[in-house]
Amino acid sequence: MPEVTKPYTPGTPCWVDLVVPDQREALDFYRDLFGWQGEPGPPETGGYAVCSLGGKAVAGIMTSMAQEGGSKPPPAWTTYLAVGDADATLQKIKDSGGTSLMDPMDVLTLGRMAVVADSTGAVFGTWQAGDFIGSQVVNEPGSVVWNELNTADPDTAAAFYAAALDMTADPMEEAPGYFALKAKGRVVGGMQDLEKSPPGSPSHWLTYFCVDDTDSTVDALVRAGGNVLKPPFDMVAGRMAVVQDPQGAVFALINATGPSPEAG
């Protein structure tokens, strides 16, 4: 199982986490679906659960907290991009048309994080690694294999990520209308418009988890109370599906192994 041991190159997706109303239900669901192990964490981290796969950190799950006005955020997976300086990056994000949803804050000695929206409204996090670099296993069944920006305006988004995070977006010849997001010249994710998203979808980042068998995993998800948005279909990178967990968080499944995030 490939283990990531060095900090991720800035601009590379380095972590994903899930915010849901019922943390225990989510921990049980993803344990059964992907084989994760995880328990609620200590009070000083808000009970945040770091889930592991084969003993290596793979994703986080936390309970949604009430925001101003008493409302809670909808269930969602969040992609975090590695940064060298969370505060300096936030200034670049604001200068490039993005907004801050949660200003940079220290997470014990683990690192420094922020949650932001890009210039087209897609929400993502930034992570300045301290003791914790992020995902320790990727591109294996049960772990993240791809992170994709689905945006209302690819040109505007490309300009934003170039200015704010020094990422580039290059057309992929084998997939018309699809762009490869690169950090330091290495492919770390993808970008496309909202044409293939459900009608009315806002700009968003989509997390892809690697599985051995897309169809059987979808069947297991449905039996566990999940929902299928796009049934399994074949595409250039493999066989994929877009699904929701029982609490409504959207993610994708794919049986292919994509480009490995650079960790150096």
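The model is predicted.

**Helix α1: extent and ends**
- Helix α1 spans residues 23-34, which makes 12 residues.
- From its first C-alpha to its last, α1 reaches 16 Å. That is close to the 16 Å expected at 1.5 Å a residue.
- D22 sits at the start of α1, where one of its side-chain oxygens comes to within 3.2 Å of the backbone nitrogen of R24.

**Helix α1: the buried side**
- Seen by burial, the residues of α1 to look for are Q23, A26, L27, F29, Y30, L33 and F34, which are buried.
- An α-helix has 3.6 residues a turn, so residues three or four places apart point the same way.

**The second largest pocket**
- The second largest pocket has a volume of about 180 Å³.
- Its lining is made of 13 residues. The closest to the pocket centre are P10, T89, K92, A164 and L165.
- Two helices, α2 (86-95) and α3 (154-165), each supply at least two residues of this lining.
- Helix α2 gives the most to the lining, with 3 residues.
- By residue type, the lining of the second largest pocket divides into 6 nonpolar, 3 polar and 4 charged residues.

Conventions:
Residues are numbered from 1 along each chain as its sequence is written. This is a predicted model: local features need pLDDT of at least 70, side-chain atom pairs count only at pLDDT 80 or more; totals for chains, interfaces and linings use all residues. Side-chain values use heavy atoms; hydrogens and water are left out. On a 1 Å grid over the protein atoms alone, a cavity is a set of points where a 1.4 Å probe fits but cannot get out, and a pocket is an open set with protein on both sides within 12 Å along at least five of seven lines; lining residues have an atom within 4 Å of a point. Grid points are joined across faces, edges and corners, and a volume is the space filled by probe spheres set on the points. Helices (H or I, at least four residues) and strands (E, at least two) are DSSP runs, numbered from the N terminus. Ala, Val, Leu, Ile, Met, Phe, Trp, Tyr, Cys and Pro count as nonpolar, Asp, Glu, Lys and Arg as charged, and the others, Gly among them, as polar. The expected span of a helix is 1.5 Å times one less than its number of residues. Buried means under 20% relative accessible area, exposed over 50%, partly exposed in between (1.4 Å probe, protein chains only). A polar contact is a pair of N or O atoms within 3.5 Å; within protein, one must be able to donate a hydrogen and the other to accept it, and residues adjacent in sequence count only if both atoms are side-chain atoms.
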